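This report is written for someone meeting the structure for the first time.

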2 protein chains.
Amino acid sequence: MDRVVEELVAALPEGAVVSDPDVVEGYRFDRASTVTPGRPRAVVRATCTADVQAVLRIASQHRVPVVPRGAGTGLSGGAAAVDGAITLSTDRMRAVDVDPAAMVAVVQPGALNAEVKAAAAEHGLWYPPDPSSYEICSIGGNLATNAGGLCCVRQGVTTDYVLGIEVVLADGRAVRLGGRTIKDVAGYDLKRLFVGSEGTLGVITEATLRLRPAPPPLATIVATFDDVVDAGRAVTAIMGQLRPATLELMDAAAVAAVEAVKPMGLAAVGALLLAQCDVGSADVAAVVAACESAGAAYVAATEDADEGELLLGARRMAIPCVERLGAVLIEDVGVPIPRIPDLVAAVEQVAARTQTRIPVIGHAGDGNFHPLVTFDPADADAAARAQVAFDEVMRAALALGGTITGEHGVGSLKAAHLHDQLGPDVLDLSRRVKAALDPDGILNPGKWI
Amino acid sequence: MDRVVEELVAALPEGAVVSDPDVVEGYRFDRASTVTPGRPRAVVRATCTADVQAVLRIASQHRVPVVPRGAGTGLSGGAAAVDGAITLSTDRMRAVDVDPAAMVAVVQPGALNAEVKAAAAEHGLWYPPDPSSYEICSIGGNLATNAGGLCCVRQGVTTDYVLGIEVVLADGRAVRLGGRTIKDVAGYDLKRLFVGSEGTLGVITEATLRLRPAPPPLATIVATFDDVVDAGRAVTAIMGQLRPATLELMDAAAVAAVEAVKPMGLAAVGALLLAQCDVGSADVAAVVAACESAGAAYVAATEDADEGELLLGARRMAIPCVERLGAVLIEDVGVPIPRIPDLVAAVEQVAARTQTRIPVIGHAGDGNFHPLVTFDPADADAAARAQVAFDEVMRAALALGGTITGEHGVGSLKAAHLHDQLGPDVLDLSRRVKAALDPDGILNPGKWI
């Protein structure tokens with residue numbers, strides 16, 4: 001046992017330091033299946049803030065890297081293990097404490113998103129952020145990536161719900177940023193610097209999350225289009241008029257992939273839009289009209305909540321359904337809303353040029369898309385072409401004034417493209433901030449920064 | 001003429017460097033009337049990003065401080081001049097360019113908030129953030145303080161509308177952060193670090209602001225209470241059920257101050273709540289019921305937009321009306337919503353203890369309050385007691401788990417209290433970030449950081 005591991009064992013509760021290779025193996029990967037992770041020196045399953053502090057103190061002293069890790073459901077390799085590093089898992093830090101009067105939940109990072117939603121619902125309250133993986137992803141990971149989901153178009157993303165955090169810095173100090181007040185401009189907005197920093201600036205050990213009243217019942221509108229360009233025009237028209245609760249797009253290939261698993265009679269469509277608006281509001285008719293004006297082949301609206309959830313559920317199933325077709329490189333590009341048709345057209349061209357299947361799903365109301373670059377992992381040539389396609393889709397998004405990642409994070413998968421997006425001056429600025437907060441560079445090294 | 005001013009004159013367009021003492025005088029103060037500003041070396045009225053870069057390059061080279069300045073309507077002394085510094089005004093950088101399809105406005109910092117709203121409205125769009133000073137305050141100042149307003153309770157604050165910024169760093173480099181996409185997690189959230197940094201990290205020279213569709217018509221509910229504690233209970237009940245478009249509170253003294261200027265028959269109330277909800281929604285009845293349950297003396301709702309605007313206008317007039325009673329130290333404290341009655345009670349106790357009038361107005365739905373510490377500036381003893389009261393209200397907010405500033409900023413007025421709020425570790429963290437971005441400390445020195 002090396003000295004660092006000895007010190008960890010001495011400092012931490014019994015069982016917190018894991019070195020059994022079979023158990024460690026389960027902490028090496030996240031869900032970015034094409035990333036090859038390193039072999040950690042040890043996995044620490046922290047039970048409290050003090051454990052996290054102990055790990056970072058020891059790591060700092062020995063300049064050993066630390067890879068913070070939530071539930072391991074990340075899609076960009078942000079939690080992938082690093083050779084010789086300590087993987088610091090928060091999966092045992094699961095407390096959720098709701099204060100209904102203050103409308104906040106005080107949450108440890110290992111709590112699952114669905115657990116926070118459930119705890120809030122017990123008090124008639126709602127934690128809106130809803131990554132499609134909400135049943136299996138942790139709040140810590142949501143904070144690390146500033147995760148989004150289907151509700152963002154009206155409700156915003158994770159950072160919009162963070163009133164305060166406790167974060168352990170690289171040197172082991174725990175600091176509290178923000179608090180419980182809704183508006184707070186006292187000092188720099190440091191908490192929002194840590195949110196979305198993918199474990200490179202500190203380890204969030206607690207978050208005070210804002211809750212909302214339970215949402216009103218939603219009507220669901222489904223519209224199919226022969227041509228995805230028409231669907232894009234419908235999105236622009238809808239967003240210019242109103243603020244839907246959901247506005248999702250699936251292209252023909254994505255619809256077909258879901259149909260193959262869960263048939264709903266939607267096989268032969270060019271594109272599908274799913275929208276949700278408040279029951280009884282004028283927005284429902286406005287969305288229907290916008291889809292019809294944009295040339296929808298079929299439009300229907302339902303106020304039945306179960307039927308609406310079935311349709312949304314089909315959308316959430318898209319990634320697992322496409323994964324049945326082969327290995328998948330999951331894009332997360334974003335473009336300004338009027339450029340949606342250009343993005344979809346660019347993806348089609350990339351698919352044709354690289355002879356790769358790329359079904360497209362996306363949070364159309366936010367211009368955030370997940371082209372799913374699909375390939376046979378046993379075919380080395382197909383895998384190479386898929387990598388080219390993956391890169392070209394990100395380049396296309398940047399050429400359209402967009403971003404390489406809207407909600408999944410940069411991780412290890414997109415580091416090169418991040419440099420293209422930010423340019424040398426912003427990278428320099430980012431590195432100065434990183435150096436100010438983690439001078440020895442021990443936090444999640446070898447990822448994008 | 002000193003050498004720095006000579007270099008400025010040589011580098012900048014004719015007329016951009018102002019040294020006429022009468023003109024300079026108008027650029028020394030903001031609206032924090034109790035702050036005594038210094039005497040700047042020169043005022044530069046920049047016309048473009050390149051001018052701002054030239055100023056910062058020269059200032060960096062000579063290690064001369066720079067005080068960035070918008071419209072000078074700040075309430076905390078953040079733009080107050082510093083002896084020997086360059087005051088860098090953006091008041092000539094006024095361009096507003098709306099892209100209706102992308103639903104963004106690209107705005108220079110000197111544009112007034114009202115000008116952005118008007119430009120958006122020409123396209124049927126809306127820029128929500130609405131500080132009460134929206135007709136005279138600039139977007140640059142709004143960004144510097146992360147300004148709020150009456151609409152925040154539903155629509156959020158300035159930072160929620162910033163998709164991208166161009167910012168000139170202390171060394172004169174201009175960088176672009178963010179862009180035009182709605183969701184973007186590529187790299188650190190640096191743009192939100194600059195927003196709210198009160199000119200201490202860089203000078204924002206352009207912002208890409210998100211616009212919304214024009215809002216639906218609003219009904220206005222007015223409720224009076226004999227006791228402000230009952231009004232506080234109504235706020236908690238409303239916020240637990242729904243998301244109003246506005247939820248404002250005025251205490252008896254604030255109502256009386258407005259009545260004295262603009263009589264509306266509301267003189268003898270203990271507290272007044274103003275709420276707005278979508279016309280035709282069930283929320284109107286829910287707000288009325290919540291006020292009645294909490295013991296309102298009088299409740300009325302109107303769907304008449306003009307009547308609603310008249311009531312909101314009375315609320316916006318509160319600060320100028322109170323200013324007729326004497327000099328005012330404007331608080332900006334925030335507390336968790338259930339602590340509103342405790343805050344109001346604490347303010348009453350401070351007022352009694354210090355024999356100072358402190359009318360209270362506030363954005364109740366966000367728990368953000370403006371106790372207005374009012375005194376006769378010709379009475380030195382009253383002024384000293386007012387300063388004690390000002391300090392004690394901030395201490396009371398902190399004791400209630402709150403903040404010393406929800407939307408006005410720290411500036412020069414609240415620096416000591418900020419240190420109490422943040423504590424030494426967070427201050428150290430803030431200073432490390434400051435040093436990373438402004439190593440010579442030339443940007444707005446002597447304010448809070």
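## The interface between chains A and B

In this predicted model, chain B and chain A bury about 5,800 Å² between them, and carbon and sulfur atoms give 62% of that area. On the side of chain B, the residues that lose the most area to chain A are B:Lys183, B:Val185 and B:Tyr188, which together make up 17% of what that side buries. The contact draws 84 residues from chain B and 84 residues from chain A.

Polar and charged pairs also cross this boundary: 18 residue pairs are in polar contact, both residues being at pLDDT 80 or more, and the count of salt bridges between the two chains is eight. In one salt bridge, the side chains of A:Asp428 and B:Arg173 meet at 2.9 Å, N to O. Among the elements that give two or more residues to the side of chain B that touches chain A are strand S9 (174–178), helix H8 (228–241) and helix H15 (415–437) of chain B. The largest share of that side, 13 residues, comes from H15(B), and the residues of the side as a whole divide into 38 nonpolar, 27 polar and 19 charged.

## Salt bridges within the chains

Over all chains, the structure holds 54 salt bridges.

| A:Glu206 | A:Arg176 | 3.1 Å |

Salt bridges that share partners join A:Asp160, A:Asp189, A:Arg192, B:Asp160, B:Asp189 and B:Arg192 into one network.

The pair formed by A:Glu206 and A:Arg176 has a salt bridge that links distant parts of the chain, with A:Glu206 in strand S10 and A:Arg176 in strand S9 of chain A, 30 residues apart. A:Glu206 counts as buried at 19% relative accessibility, whereas A:Arg176 is partly exposed at 47%.

## One face of a helix

In helix H4 (residues 113–121) of chain A, the buried residues are A:Asn113, A:Val116, A:Lys117, A:Ala119 and A:Ala120. Seen down the axis of H4(A), these residues fall within an arc of 165 degrees, so they line one face of the helix. The buried residues of H4(A) pack against several elements of chain A, including strand S5 (96–99), helix H5 (139–145) and strand S10 (203–210).

How values were computed:
Residues are numbered from 1 along each chain as its sequence is written. Chains are lettered from A and ligands numbered from 1 in the order in which they are written. This is a predicted model: local features need pLDDT of at least 70, side-chain atom pairs count only at pLDDT 80 or more; totals for chains, interfaces and linings use all residues. Side-chain values use heavy atoms; hydrogens and water are left out. Buried means under 20% relative accessible area, exposed over 50%, partly exposed in between (1.4 Å probe, protein chains only). Helices (H or I, at least four residues) and strands (E, at least two) are DSSP runs, numbered from the N terminus. The arc is that of the directions from the helix axis to the C-beta atoms. Contact means heavy atoms within 4.5 Å. Buried area is the accessible area (1.4 Å probe) that two parts lose on being put together, summed over both. A salt bridge is a side-chain nitrogen of Lys or Arg within 4 Å of a carboxyl oxygen of Asp or Glu. A polar contact is a pair of N or O atoms within 3.5 Å; within protein, one must be able to donate a hydrogen and the other to accept it, and residues adjacent in sequence count only if both atoms are side-chain atoms. Ala, Val, Leu, Ile, Met, Phe, Trp, Tyr, Cys and Pro count as nonpolar, Asp, Glu, Lys and Arg as charged, and the others, Gly among them, as polar.
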